Structure formats: structure tokens, C-alpha cells
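Take a first walk through this protein chain with the structure open beside you.

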Amino acid sequence: STILMIFFFTILPRVNRPLWDFLNPNPEATIGFSETVELGGAESLNPRGRLAFRAESPSLPGGELYWRGNVLNEPLERRWIRSDQVQPEQAHPKGGRLIEQTFYPEDRRGRILFALDLPVELRQVSARRQGDATFLRNRNQPLQRLYYSARSRLGAALIPSAGIDPEFYLKLPDGIAARILELASSLDGGEDPKADLESLNGYFRRGGYHYSMSNLPTGEDALEQFLFTAKAGHCEFFASSFATLARLMGLPARLVGGYLGGEYNDLGGYYLVTEDMAHVWVEVYLGPEGWVRIDPSRYALNSGEELIARRGGNLSLLRRVWDGLDHAWGRAIVRFDLSSQLQLFRSASGSLRQLGTGVNPRDLLGPAVAILMIAGAVWLLLRFKFGPSTSKRLEQGFRRGLEKKIGPLARNPALGLYELARRSGNTEAEEFVKIFAQALYNDRKLSRPEIRELKALLRLL
């Protein structure tokens with residue numbers, strides 16, 4: 001262990017990223033977390049994403065993996081922004097169960113800090129808690145060593161101690177389309193906020209909407225297109241339209257931006273959260289009950305498949321091992337500053353000299369590099385031997401089968417399996433997705449009989 005330590009700390013001053021960073025071949029993400037929401041700017045989004053953060057935490061149900069980041073409280077035409085022109089609000093989580101987390105962000109320059117919804121406090125970081133249960137990092141925080149602990153209350157209510165500014169949370173820009181005004185008026189249930197909220201929820205449940213990242217509404221009337229014609233969009237469309245209708249019905253509402261889901265590495269006890277898991281949901285104020293979380297995206301007809309894509313527990317053993325090593329490297333080595341590295345190196349060198357070995361630590365560099373190269377070769381062999389997981393191979397076979405029926409569209413990663421089956425109009429395809437989703441959506445592996453049946457359906461395709 002001393003030899004390996006000497007090797008790593010010899011090369012470490014020349015390394016400014018995790019040792020196994022080559023395992024992440026797509027460093028640039030086309031979608032991800034943003035401090036604003038703007039609709040109608042793109043016809044499609046690429047769902048690939050780089051790592052956003054790792055969060056050490058107990059394993060949790062997928063429906064609880066809302067990582068809170070930013071609150072967007074003011075709509076401006078097609079955009080939602082965070083405004084400080086609002087009465088200061090002191091809200092605190094009430095109830096729920098306490099969960100501890102430790103975060104290792106990839107972007108150590110970002111000012112917004114994340115935690116499971118609802119966060120109570122952050123430690124080991126210089127940050128300001130906002131009244132709406134968000135945290136902003138102070139700019140003087142050292143970038144090289146940014147990691148922090150968080151305490152959250154899952155299932156808690158966010159209750160302002162002195163109420164809110166209702167006028168601010170009902171404000172909307174001029175020029176709302178007449179059809180949207182009429183829809184809000186038809187859903188208004190009277191003086192009871194809970195009845196209004198249930199009416200709005202029911203509309204989205206029965207509205208026939210789909211979650212999609214392609215063929216999106218564009219232009220100035222993107223929100224109107226989403227509600228009445230396209231009826232397909234990503235989380236920003238669902239959240240923006242829901243919050244707009246809520247405000248028109250007299251329900252104070254705002255958007256919350258963060259992430260949803262994560263892949264759990266049980267070997268390291270942490271979640272991998274990537275930029276393609278960026279998500280937006282809504283909070284509605286219900287008086288004594290405080291701010292209530294509503295995720296309108298869950299009302300999409302294909303929401304089950306969207307949750308499957310974000311749920312944890314789908315990492316292969318090989319990837320869990322290697323990412324666990326990468327995380328350990330980040331925790332134990334990469335976070336050290338250069339002076340700490342040199343001090344440990346000098347201590348190790350002095351220990352060897354005291355033992356009378358006569359070994360120059362730098363003479364060990366060559367053998368250590370050879371060991372590392374052999375380890376890399378073993379990794380490549382294992383990678384080719386094991387390949388993708390069974391569920392991944394089945395999904396790939398499904399897309400190849402549908403490609404013969406609907407063309408290259410089947411290869412589009414932005415289209416989920418439910419959507420592809422619907423477009424194909426094929427009975428076998430619909431049966432395949434039903435079996436496939438029933439297993440994965442319930443966080444369990446496919447059984448052998450299910451795998452045999454799925455393979456049989458693929459042969460028919």
C-alpha cells in the first residue's frame with residue numbers, strides 16, 4: 001500500500017481530474033440544469049448528459065429523488081426567472097423524516113447547491129439559506145475542495161412562518177392567449193383552493209399529454225401550442241403551463257428547478273446524478289398547509305417510462321466497481337490540494353529511508369505505471385466479455401426491430417419505448433413495452449420467464 005501511495009502522490013500534482021475520467025466519453029451535455037426556464041427555443045433536445053454530482057445517501061424510492069436547487073418565482077413572457085423583488089419569506093420544513101447526504105459536485109464553480117427536497121441545512125460549505133429553502137454558495141468558497149453535507153426532511157411541508165406575498169405569486173405577464181384564459185376560467189372551482197388544485201390536477205391527468213424531447217412547440221405561442229395542439233413536451237412545458245393556469249385560477253404558484261432521479265451505486269452507497277436528469281416541478285401555496293409540491297410531468301401518458309429512465313439500480317456490476325473507484329479517488333485524492341499531496345509524499349519518502357530500504361520513490365514510477373496499464377487491459381477485457389446488461393440488450397433489440405417498421409426514427413434516443421410502440425401501431429411492440437416497463441418501473445429485475453417472453457416478441461418484430 002505504501003508503494004501505491006507513493007506512486008499516486010508522485011503523479012497527482014500533474015492530474016487535475018479523476019483518474020478514470022476516460023470512462024465518461026461525453027463531457028459536453030446538450031441539456032442540463034439552468035437557472036432560468038425559457039420555452040419555444042428549440043424543436044428538440046438531446047438527452048445525453050455528463051455527471052452533475054454524486055450524493056452519498058441511503059437508497060431511496062425513485063419518487064423521493066427530487067434534488068432541490070433553484071426557485072423561479074417570476075414569469076416574463078416565455079421565461080421564468082428568480083426575482084428578488086418579493087417580500088422576504090421565512091419558510092421552514094415541517095414534519096417528514098430526516099435524511100443525511102454528502103455531495104460531490106462536478107461543477108465546483110456553480111453558485112446553486114443541491115439537496116434532497118426539502119433541505120434543512122448544509123454544512124462544510126459557506127452558503128446562504130434563502131427563505132424559499134434554497135442555498136446559494138458564497139463566492140469565497142475554495143473551488144478545489146467543494147463538497148458538503150446536507151440534512152433534508154423527505155415528505156415535509158414547507159410552511160412560511162409569516163405567510164407569503166400573494167400578489168407577487170399571482171403576477172403574470174400581459175398577452176396571455178385567450179384560449180388559456182378560457183381554460184383557466186373553466187377549471188376554476190370557486191373559493192376553495194384545494195378544489196381548484198384538484199380540478200387542475202384532473203385536467204392534466206385526462207389531458208392526453210405526452211412527455212417528449214422532440215417535435216417541441218416553438219415560437220412566441222409555444223405554451224399555447226403545448227396546451228391545445230402539440231400536447232407533447234418536456235418538464236418545462238408541463239411545469240410552466242401548470243403554474244400559469246394555477247395563477248390564473250388564483251392559486252399562488254412557482255417553479256422549482258433541480259434534478260429528478262439517479263443511479264444508485266450500492267457498492268459505494270451514493271447516487272450518480274447526470275445533467276439529463278435535470279427537472280422542473282411546481283409548488284402551489286395552500287395557506288396553512290404551506291407550499292405543496294406538484295410534478296405535472298407525472299400526468300403524462302408515458303410518465304411511467306420517463307421515471308424508468310431516471311430510476312436507480314440499473315448500473316452493471318462492472319460499472320459500479322469502476323465508478324466506485326473513481327468516486328473513492330475523488331474523495332481521498334483529487335480533493336487534496338497540492339501542498340497536502342507534497343507533504344504526504346515527503347512523509348512516505350522519509351518512512352522508506354528510515355526503514356533502510358534504500359529505495360528512491362521515483363524509481364517506483366515505472367513499475368507502478370506498468371501495473372496501471374495491466375489493470376487497464378484487464379478492464380477492457382472485462383468490458384468486452386460482459387458487454388451491456390440484459391435489459392439494455394433487449395431495449396437495443398426492440399429499437400432495431402422497430403427500425404424495420406418505422407425507419408431511423410426508432411434510433412432517436414429522445415423517443416421512449418412507449419412512444420415508439422404507439423407510433424408503430426404494432427401489437428407485439430406494445431406487449432413488449434408493457435412487460436418491460438412493468439418490471440423496471442417497479443424497481444425489480446426482469447425474471448427469466450419475462451426475458452424469454454420478451455425475446456420471443458423481439459423475434460416476431
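A residue is buried if its relative accessible area is under 20%, exposed if it is over 50%, and partly exposed in between (1.4 Å probe, protein chains only). By that rule, F103 and Y148 are both buried. This is a predicted model, in which local features need pLDDT of at least 70 and side-chain atom pairs need pLDDT 80 or more, while totals for chains, interfaces and linings use all residues. Residues are numbered from 1 along each chain as its sequence is written, and side-chain values use heavy atoms, without hydrogens and water.

Now take the whole chain. The protein chain has 461 residues, and 50% of them are buried. Its secondary structure comes to 14 helices and 21 strands. Helices (H or I, at least four residues) and strands (E, at least two) are DSSP runs, numbered from the N terminus. Next come contacts, meaning heavy atoms within 4.5 Å. Of the contacts between residues at least 6 apart in sequence, 73% join residues at least 24 apart.

Turn to the rings. Rings of Phe, Tyr and Trp (its six-membered ring) pair if their centres lie within 6.5 Å; planes under 30 degrees apart are stacked, over 60 edge-to-face, and the rest tilted. The whole structure holds 27 aromatic pairs. One of them joins F103 and Y148: the centres are 5.1 Å apart and the planes are at 10 degrees, so this pair is stacked. F103 sits in strand β7 (residues 97–105) and Y148 in strand β13 (residues 148–154), so the pair ties together parts 45 residues apart in sequence. F168 and Y169 make an edge-to-face pair, with 5.3 Å between centres and 90 degrees between planes. F168 and Y169 are buried as well. One aromatic cluster includes F103 and Y148, along with W67, Y259 and others.

R254 lies over the face of W291, at 3.8 Å from the ring centre. K231 lies over the face of Y209, at 5.3 Å.

Finish with the backbone. E77 is not a glycine, but its phi is positive, near 55 degrees. E77 lies in the loop between β4 (74–76) and β5 (79–81). Is E77 buried or exposed? E77 is exposed, with a relative accessible area of 69%. The peptide bond from D117 to L118 is cis, with omega near 10 degrees. L118 is in the loop between β9 (115–116) and β10 (119–123).

Conventions:
A charge sits over a ring if NZ of Lys or CZ of Arg is within 6 Å of the ring centre and within 35 degrees of the ring normal.
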